[in-house]
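Trainee: I would like to learn how to read the features of a structure. Could we take them one at a time?

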2 protein chains.
Amino acid sequence: MSDTASPLLAALRREPHERTPVWFMRQAGRYLPGYMKVRAKTDFLTLCKTPDLAAEVTLEPLDTFGVDGVIIFSDILVPLEAMGLPVVFGDRGPSMETPLANRADIDKLHIPDPVAETGFVMDVIREVKTRVAGRVPVIGFAGAPWTLACYALEGSPSRTFATAKRMVYEAPADLHVLMEKIADTVTLYLRAQVEAGAQVLQLFDSWGGMLAHEAFHEFSLAYCRRILEGLDGCGVPRILFIKGAGIHLESIAEVVKGTGCEAVAIDDTITPERARAVLGGHCAIQGNLPPEALFAPIPDLCAHARKILEAFRGEPGHVFNLGHGITPPTPIPHVRAVIEEVQKFR
Amino acid sequence: MSDTASPLLAALRREPHERTPVWFMRQAGRYLPGYMKVRAKTDFLTLCKTPDLAAEVTLEPLDTFGVDGVIIFSDILVPLEAMGLPVVFGDRGPSMETPLANRADIDKLHIPDPVAETGFVMDVIREVKTRVAGRVPVIGFAGAPWTLACYALEGSPSRTFATAKRMVYEAPADLHVLMEKIADTVTLYLRAQVEAGAQVLQLFDSWGGMLAHEAFHEFSLAYCRRILEGLDGCGVPRILFIKGAGIHLESIAEVVKGTGCEAVAIDDTITPERARAVLGGHCAIQGNLPPEALFAPIPDLCAHARKILEAFRGEPGHVFNLGHGITPPTPIPHVRAVIEEVQKFR
């Protein structure tokens, strides 16, 4: 597929394109009937590790809605498992069997060879690539080091992440050792995804925004930067998403300028106007409909989407997306309506 | 007690005072041995409703550390219970027995008379006042409408507050009805606390920061403003704390200017420099040591505290506090050390 044929690739490179592309974070998942059917007979981790099924789930939003990109179905914890932290799947989603408790646990982690140890993800990408057959770009992804460190230290998503945040102050040197190992793992993992065929990469820092201001720079942003630098020359657009970090948008813009990162995804706390003022001219901007707005009556939802589209009018690289991941039980006709609204906008 | 004798009251009014006052959000609670001893024989809700015990717990940080103000021990859900939503106490803290499900549930809620229906809180304040005997001011508090609405709609603290956020888009008119009832309840509740003897009031919006930018203004900030306006002339300093809303600090400053609100508490994502630039000259500023920094080795902790104190040097109204509530199992010697560090700073 040539870039000009893909509004997503063109927008991410801020090259001319006919219309605003759209895809949604967590677009393949629990709100879709095909996904639910697959999950009825397959547990979550088996689904992630079975390329045929993962590819089927990955393609459902393309076949259902005609989104402008497909993000591979996988779990954010895959790299941690390969580092030596077994993952289990419980009622509240995937979690670590035994969270890291001390420096000795950190020292035991290794930096996995992504092809030898997480080859099933590369197989998913290849299978998706074959099935998509050039219709839209395939998006690879990974969790950012701080977010993965939170999982590794807390075990599962927490409301406060008290254990991980405590380590920032109690044992910062040990935490840096962990962060470096994760950052190097994620860099290799994302490079391998490109080699397997990923045409876009998104780095997700879901929990960076909850760090205090100095800690954010030291433990979230610095390691995102390290990965973006490590991906330099990888040949595909990189999207950086740090949720809840709108207060740090100027610092994120500095990282973009320093690394050449192609795009920043913004959450819904940031106004499009501020995003354009701070990031415009430096990178593409992806966002930022609140996922909960998908529950609004369709006319209100479409009006909300148009307001965002208008706010980005004239911006050479706007990718329409949500402010964060789609939440079940989002009604499917609403998802379809907003995607149509975006794709007809000129 | 005269204001000049209280560094806290003087700082909140930006009047001359000898040293920076200090108190900590959730300073009376699970990390203290006296509290644990009381809780061993009394359940949480009984503790809140027994003035003798609640006063004992309220005073523990004054007697242990010599903090410059005592915040009454109570539960954020008290006003909701009085509105007609029974509270239960489970493994994960207090929650609503039956969260609101629809407009009919909202219509059933009433605006309680604070003295007749939450008189035990006023009794706690009177008992605390007697025992403190003028040593330091007594701080009353309430949760802000958005935070209380989250509890009323979700039942208990959630990682995503998906139900409450969904209502913003799905049924905004119904949500406004709920918000107005809560705002009027909280205004009366806080006024009654002043009548019972509270000398400072803090309004806590723990969850405002997770709203999308427009929704933040419409559902968090507007109702904080309404309460601050309703407290006009109440005669005691009002502290507004909206966690995670650093991105909206300029809008918060506008509310301060419009309402004469005496102080804003800032979380730890905001730099002292930005807080001074935006709020300085308009109100006192309270904050903002990360609660997790209390786990740092004492010399590092004290250095961190001094950095904050230095950053506010010359600001006529700085109250030292945490960026949010203290978390168990914070070590007591660390709490003592940082309070001493603040109180000796000149």
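This is a predicted model: local features need pLDDT of at least 70, side-chain atom pairs count only at pLDDT 80 or more; totals for chains, interfaces and linings use all residues.

Trainee: How many bridges join strand 6 of chain A to strand 7 of chain A?

Mentor: Three bridges join strand 6 of chain A to strand 7 (residues 263-265) of chain A, and the two run parallel. A:Phe241, for instance, has A:Ala265 in strand 7 of chain A as its bridge partner. Strand 5, helix 12 (residues 213-230) and strand 6 of chain A make up a right-handed β-α-β unit.

Trainee: Which way do the residues of strand 6 of chain A point?

Mentor: The general idea is that in a regular strand the side chains alternate between the two faces of the sheet. In strand 6 of chain A, A:Arg238, A:Leu240 and A:Ile242 point one way, while A:Ile239 and A:Phe241 point the other way.

Trainee: Is strand 6 of chain A mostly covered or mostly exposed?

Mentor: Strand 6 (residues 238-242) of chain A is mostly covered, with five of its five residues buried.

Trainee: What does an antiparallel pair look like in chain B?

Mentor: Take strand 2 (residues 87-90) and strand 3 (residues 93-96) of chain B, which run antiparallel and are joined by four bridges. They form a hairpin, with two residues between them. B:Gly90 has B:Gly93 of strand 3 of chain B as its bridge partner.

Trainee: And helices? At what angle do helix 9 and helix 10 of chain A cross?

Mentor: For a pair of helices, look at the axes and then at the residues that touch. The axes of helix 9 (residues 145-154) and helix 10 of chain A cross at roughly 110° and come within 8 Å. Angles of 65 to 115 degrees count as roughly perpendicular, so helix 9 of chain A and helix 10 of chain A are roughly perpendicular to each other. Helix 9 of chain A makes the contact with A:Ala149, A:Cys150, A:Leu153 and A:Glu154, and helix 10 of chain A with A:Thr163, A:Ala164 and A:Met167. By class, that contact has five nonpolar, one polar and one charged residues.

Trainee: How many residues does each chain bring to the contact of chain A with chain B?

Mentor: Chain A brings 24 residues, and chain B brings 24 residues. On the side of chain A that touches chain B, helix 10 (residues 162-170) of chain A gives the most, with six residues. That side of chain A has eleven nonpolar, seven polar and six charged residues.

Trainee: Why does B:Ala162 count as partly exposed?

Mentor: A residue is buried if 20 or more other C-beta atoms lie within 10 Å of its own, and exposed if 12 or fewer do. B:Ala162 counts as partly exposed because the number of C-beta neighbours inside 10 Å is 17. B:Ala162 lies in helix 10 (residues 162-170) of chain B, and touches A:Glu292 and A:Thr327, leaving aside residues up to four places away in sequence.

Key
Residues are numbered from 1 along each chain as its sequence is written. Chains are lettered from A and ligands numbered from 1 in the order in which they are written. A crossover is right-handed if, with the strands pointing away from the viewer, the path from the first strand over the helix to the second runs clockwise. Two strands pair if DSSP finds at least two bridges between them. Two residues are in contact if their C-beta atoms, placed from the backbone, lie within 7 Å. Ala, Val, Leu, Ile, Met, Phe, Trp, Tyr, Cys and Pro count as nonpolar, Asp, Glu, Lys and Arg as charged, and the others, Gly among them, as polar. Axes are lines fitted to C-alpha atoms, for helices over the stretch in contact, and angles run from 0 to 180 degrees between N-to-C directions. Angles under 35 degrees count as roughly parallel, over 145 as roughly antiparallel, 65 to 115 as roughly perpendicular and the rest as oblique.
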